[in-house]
Amino acid sequence: MPVWLEAGVWGLVAGGALVVGALVSWLVRVPQHVVAVVMAFGSGVLISALAFDLVDEAERTGGLLATAVGFLGGALFYVLANVALARRGARHRKRSQDQQPSEDEQSGSGTAIAVGALLDGVPESVVLGLTLVGGGGVGVPVLAAIFISNLPEGLSSAAGMKASGRSARYVFGVWTGIAVASGLAGLLGCLLLQGAPPETIAVITAVAAGAILAMVADTMIPEAFDETHLYTGLVATVGFIVAFAIERA
């Protein structure tokens, strides 16, 4: 199998966790506390993967300055895009209760939520694809981090969509579309950058990593804290050390 096609498959697998989470949430009433715990755990896993796989690798191949600029640039882009989407009704797209506005309450919020979900998912799949560029196989810690974090995201957000009166067709259309987009992002990330200078790959990795960290801080941790409160830090720490152990194994 060509490397770029393998990257697309792994991106689709990671994005598929969103659909699995949404399906579970739609069919079974998952306690909010359970979703929040998994969200906090996934946050810790992602932060660990960022620190020990993505940013560290970017700095070693592209240098500190390029990595820092890319990392901050990715975070800035995400925050600006997130602010724009929040004003159109996507502020609470990961919330599991009734914070999400219905289409009647805010016209265009459904589209904003879908675009916001895409904004959250694409950087993760790009960096997943980039882990295969060197020909060493998929980055297992990165794949595990994305999959584990996507599962509670699908759970929580789909529950919020259902609570706001959105149909099953809309909910599963959004998450299936995001899963497919994740596969394409991984495929293109690998295909377009095969043979690119290491410095270029390092900068793009850093940009995506910065966007992911901003997403964790802006959306995942607040949702987890709403339910787990003082335990959020502990659960996230457990996720961090588990991911670190996977990376070192």
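Me: Why is Glu57 called partly exposed?
Reply: The model is a predicted one, and in it Glu57 has a relative accessible area of 35%. Buried means under 20% and exposed means over 50%, so Glu57, at 35%, counts as partly exposed.

Me: What makes the contact of Arg60 and Glu57 a salt bridge?
Reply: The side chains of Arg60 and Glu57 meet at 2.8 Å, N to O, and a salt bridge needs a side-chain nitrogen of Lys or Arg within 4 Å of a carboxyl oxygen of Asp or Glu, so the pair qualifies. Arg60 and Glu57 are three residues apart in helix α2, and therefore separated by about one helical turn.

Me: Which residues are linked with Arg60 in a network of salt bridges?
Reply: Asp56, Glu57 and Arg60 are linked in this network. The side chains of Arg60 and Asp56 meet at 3.1 Å, N to O, and these two residues are four apart in helix α2, again about one helical turn. An α-helix has 3.6 residues a turn, so residues three or four places apart point the same way. A search of the whole structure finds two salt bridges.

Me: Is Arg60 buried or exposed, and what of Asp56?
Reply: Arg60 has a relative accessible area of 55%, and since the cut-off for exposed is over 50%, Arg60 is exposed. Asp56 is at 31%, which lies between the limits of 20% and 50%, so Asp56 counts as partly exposed.

Me: Why is the pair of Trp26 and Phe172 called edge-to-face?
Reply: The ring centres of Trp26 and Phe172 are 5.9 Å apart and the planes stand at 70°; because rings pair within 6.5 Å and planes over 60 degrees apart count as edge-to-face, the name follows. Trp26 lies in helix α1 and Phe172 in helix α6, so the pair ties together parts that are 146 residues apart in sequence. Trp26, at 21% relative accessibility, counts as partly exposed, because buried would need a value under 20%.

Me: How do you know that Phe52 and Phe240 form an edge-to-face pair?
Reply: Their centres are 5.7 Å apart and their planes are at 65°, and the cut-offs are within 6.5 Å for the centres and over 60 degrees for the planes, so the pair is edge-to-face. Phe52 lies in helix α2 and Phe240 in helix α8, so this pair ties together parts that are 188 residues apart in sequence. Phe52 has a relative accessible area of 27% and Phe240 is at 28%, so both count as partly exposed. Ring pairs link Phe52, Phe240 and Phe244 into a cluster, and the whole structure holds three aromatic pairs.

Me: Which residues of the largest nonpolar core touch the most other members?
Reply: Leu46, Leu128, Ile212 and Met215 do, in a core of 39 residues. Helices α1, α2, α3, α4, α5, α6, α7 and α8 each supply at least two residues of this core, and α7 gives the most, with ten residues. Apart from it lies another core, of nine residues, including Leu18, Ala117, Val171 and Ile178.

Me: Where is the kink in α7 centred?
Reply: The kink, of about 40°, is centred on Val216. After α7 comes His229, whose phi is positive, near 50°.

Definitions and conventions
Residues are numbered from 1 along each chain as its sequence is written. This is a predicted model: local features need pLDDT of at least 70, side-chain atom pairs count only at pLDDT 80 or more; totals for chains, interfaces and linings use all residues. Side-chain values use heavy atoms; hydrogens and water are left out. A nonpolar core is a set of buried Ala, Val, Leu, Ile, Met, Phe, Trp, Tyr and Cys residues joined through side-chain atoms within 4.5 Å. Buried means under 20% relative accessible area, exposed over 50%, partly exposed in between (1.4 Å probe, protein chains only). The bend at a residue is the angle between axes fitted to the seven residues ending there and the seven starting there. Rings of Phe, Tyr and Trp (its six-membered ring) pair if their centres lie within 6.5 Å; planes under 30 degrees apart count as stacked, over 60 as edge-to-face and the rest as tilted.
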